[in-house]
Amino acid sequence: MELTVLSGKGGTGKTTVAMALSQLAGETVMADCDVDAPNLYLFFDGEDIRKERFSAMKKAVIDTWRCTHCGRCEAVCRFGAITGGKVDVYRCEGCGACTLVCPESAAAMRDEKTADAYVTRTQNGYLTRAEMEIGSDGSGKLVTLLRENAKEVAAAGSLIITDGSPGIGCPVISSITASDIVLIVTEPTQSGFDDFVRVAALCAHFGISALACVNKYDINEGVAERIEDYCRRHDIAVVGRIPYDDTVMRSVNDLKPITDYPQSTANRAIRQMWENVKAYINK
Amino acid sequence: MKIGISSTGNTMESALDPRFGRCAYFVIHDTDAGRNEFIENAARSASGGAGIAAAQQMIDSDVGAVITGNMGPNAFDVMKNAGIKVYRCADADIETALKLYSDQKLALIDSAGPAHAGMGQGGH
Amino acid sequence: MNLCVLSGKGGTGKTTVSVNLSLLLGYNYIDCDVEEPNGFIFLKPENVMGEDVRIDYPVIDKAKCTLCRKCAEACLFNALVTTKSSVMVFEKLCHACGACAVVCGADAVSYAQRKVGRIEQGISRGIAVKRGVQDVGEYMGVPVIRQLLSRLPEGNNILDCPPGTSCNVVNTIAFADRALIVTEPTAFGLHDMELAVRLLRSRNIPFGVVVNKHSADNTLIQDYCKENRIRLIGTVSYSKEAAVAYSTGRMLTELPLYKKEFEAIALKIGEVR
């Protein structure tokens, strides 16, 4: 069973919620698929039991000894990635068109290292995560790998919680395809609502059923009501309403899950939400 | 006729790999000659479209049927277009999967599994 | 001059800082967060005009195609399959690189276009306001970002970046002369900001830092900046009042305290160089 936590907009509390749910679920495997901003490991004093070099794609390289500066590669490259016989790796999309036109076989495709992927043993299960090279591509394939690793270490019948990226692009699509259910954590702001609608549409597009949770709902109860109304009309169950609570900021800075703070109102609301979520994942 | 089977290893005792696009090997079994050939799945590490690339390998190997666990919609479209039948098989080794096939105990897959379409999409 | 605003972590206030500074400085506002563009909510531009973003995909002429398989072999994105009767095209996987046409010996490949997003531009209180919007279900934001940035309005522009340090961000900062990192004083904010710092340093783009959700008793980011010789440009105070204003799409500069804070930041922007 895999639950993917998304948000559309960044900073709505996705990671806080994912972390809390994993604590409440007991033995779980977490996949930190927010590969651009991987924060989950900060919570754990875990032990890395596996590390692998990950390469998402190939990039063109040009052998300067063989290159005669005929300009064919430059002309064929639709991404403007080659100038004066040099490849700009940030523009290169790895299509290989240059290798097809080079008469001297000077252009070749080479694997580019984009990340180190880890499996970490934690206090309550496993965490799969990655450290990406700065500014590198291929995060979608990396997300796929982290989810595969999570499935591999998960005991039969145990829950996998996948913490996805903000947005609706490639890494997000890779984190929901073939997932069992998505939980969208949103906030009652105009931006949060707009972004929620886009990520809900994405789930519908790929035929994945979605649940919703309105975090900090009391910041603007009017917008919160509009979000819930949208959910009712689009068959999205609202499983949680979390009040604004300063303890959340404190828990992040203490690097402890919010479930460790018994007095926290957010903690109590998330516990209530977990009861609701359970009904969907046990279906 | 030739049959392609997604496999975790390159022996007849290897377990069937439920994944089609990203399986480790394909076993190409020739029912007439009774011969088996093992090919590495070159699509396994594809940035994106692994299922499509694996489907191309099945076409190039001239198979008439495929036995696997699940198949995404893109690869399934290719199979349909190429007239290759797809059979589903649960936990089994390759030998057993073939036996189940010849005993006509495997179910035809007539619709694609959950979309993995474009998963990976390296480059972005 | 293009000033890029980025954050590392999402939700730290990139858009808040971008829209308020745009109006104070009279810079045009360009929303490059094409997956979730939110700047228009605050700037409410008028006279909005738009154009579609379209990318090429191959169309195979069946009459000319010899089913030689060269195109499918050349396509490193696996967007093409050659069966015994036809070439199948999976257009969403296509990067429009043109490799298939290069290798086709039968001149059977031509290109059609499909829509992957939209560019919109309007005017708000004297500045140009522009954004790119990626279509839901599309994988690639880069074609939208490149078209958006290929024709920027004249004068100074603020580029509101996507979160993170992904290819979308890399393609945006390729157009930046200077940058601002907006972060929040949490362990997450600091961790993800360090990634943004490394990205900007690797590109030699001068930058400064704005601390959003600032409170006097927390100097996590200030201490980091001091240790790492990073220029601190200003702070934006945390208050529930600000969160409420944000939630309804109001500009923070409408509140007196925030007007003062943003004016101080605007004055110091020139120090980023």
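## Chain C against chain B

In this predicted model, 20 residues of chain C are in contact with 21 residues of chain B. The two chains bury about 1600 Å² between them. Carbon and sulfur atoms give 58% of that area.

Two salt bridges are counted between chain C and chain B. Asp60(B) and Arg69(C) form a salt bridge through their side chains, with N to O at 3.0 Å.

## Chain C against chain A

Chain C also meets chain A. This contact takes 58 residues from chain C and 56 residues from chain A. About 4700 Å² is buried between the two chains, and 59% of it lies on carbon and sulfur atoms. Three residues of chain C stand out here: Glu36(C), Val136(C) and Phe188(C). Together they supply 15% of the area that chain C buries against chain A, more than any other three residues.

The rule finds three salt bridges across the interface of chain C and chain A. Glu36(C) makes a salt bridge with Arg198(A). The closest N and O atoms of that pair are 3.6 Å apart.

Chain C has an open sheet of nine strands. Their order is E3-E6-E7-E2-E8-E1-E9-E10-E11, and the pairing is mixed. Strand E3 (46-60) and strand E11 (231-237) of chain C are the edge strands. Each of these pairs on one side only. From one strand to the next, the twist averages 20°.

Strand E1 (residues 2-6) and strand E8 (residues 157-160) of chain C are parallel and share four bridges. Val5(C) stands opposite Asp160(C) in E8(C).

## Helices across the chain C sheet

Which strands does helix H7 of chain C lie across? Helix H7 (residues 187-202) lies across E1, strand E9 (178-183) and strand E10 (207-214) of chain C. The helix runs at about 170° to E9(C).

Helix H8 (residues 220-227) of chain C lies across E9, E10 and E11 of chain C. H8(C) runs at about 165° to E10(C).

Chain B has three helices and six strands. Along the sequence the pattern is β-β-β-α-β-α-β-α-β. Of its 124 residues, 56% count as buried. Among contacts in chain B with a separation of 6 or more, 52% come from residues 24 or more positions apart.

The six strands form an open, mixed sheet in the order E3-E2-E1-E4-E5-E6. Why is one side of strand E3 and of strand E6 of chain B left without a neighbour in the sheet? Strand E3 (35-40) and strand E6 (107-108) of chain B stand at the edges with a single partner strand each, so one side of each has no neighbour in the sheet. The partner described here for E3(B) is strand E2 (residues 25-30) of chain B, which runs antiparallel to E3(B) and is joined to it by six bridges. His29(B) stands opposite Asn36(B) in E3(B). Helix H1 (residues 50-60) of chain B packs on the sheet. H1(B) touches strand E1 (2-7), E2, E3 and strand E4 (65-68) of chain B. Its direction makes about 25° with that of E2(B).

## Chain A: overall figures

Chain A has nine helices and 11 strands. Its C-alpha atoms fill a box of roughly 70 × 40 × 35 Å along the principal axes. Of the 283 residues in chain A, 61% are buried. Among contacts between residues at least 6 apart in sequence, 75% join residues at least 24 apart.

## Cysteines

How many disulfides does the structure hold over all chains? The count is zero. A disulfide would need two cysteine sulfur atoms within 2.5 Å.

Two cysteines of chain A illustrate this. The closest cysteine sulfur to that of Cys98(A) is in Cys95(A), at 6.4 Å, too far for a bond. Cys98(A) is buried, at 8% relative accessible area. For Cys102(A), the closest cysteine sulfur is in Cys70(A), at 6.1 Å, which is also too far for a bond. Cys102(A) counts as partly exposed, at 21% relative accessibility.

Note on methods: Residues are numbered from 1 along each chain as its sequence is written. Chains are lettered from A and ligands numbered from 1 in the order in which they are written. This is a predicted model: local features need pLDDT of at least 70, side-chain atom pairs count only at pLDDT 80 or more; totals for chains, interfaces and linings use all residues. Side-chain values use heavy atoms; hydrogens and water are left out. Two strands pair if DSSP finds at least two bridges between them. Helices (H or I, at least four residues) and strands (E, at least two) are DSSP runs, numbered from the N terminus. Contact means heavy atoms within 4.5 Å. Axes are lines fitted to C-alpha atoms, for helices over the stretch in contact, and angles run from 0 to 180 degrees between N-to-C directions. Buried means under 20% relative accessible area, exposed over 50%, partly exposed in between (1.4 Å probe, protein chains only). Buried area is the accessible area (1.4 Å probe) that two parts lose on being put together, summed over both. A salt bridge is a side-chain nitrogen of Lys or Arg within 4 Å of a carboxyl oxygen of Asp or Glu.
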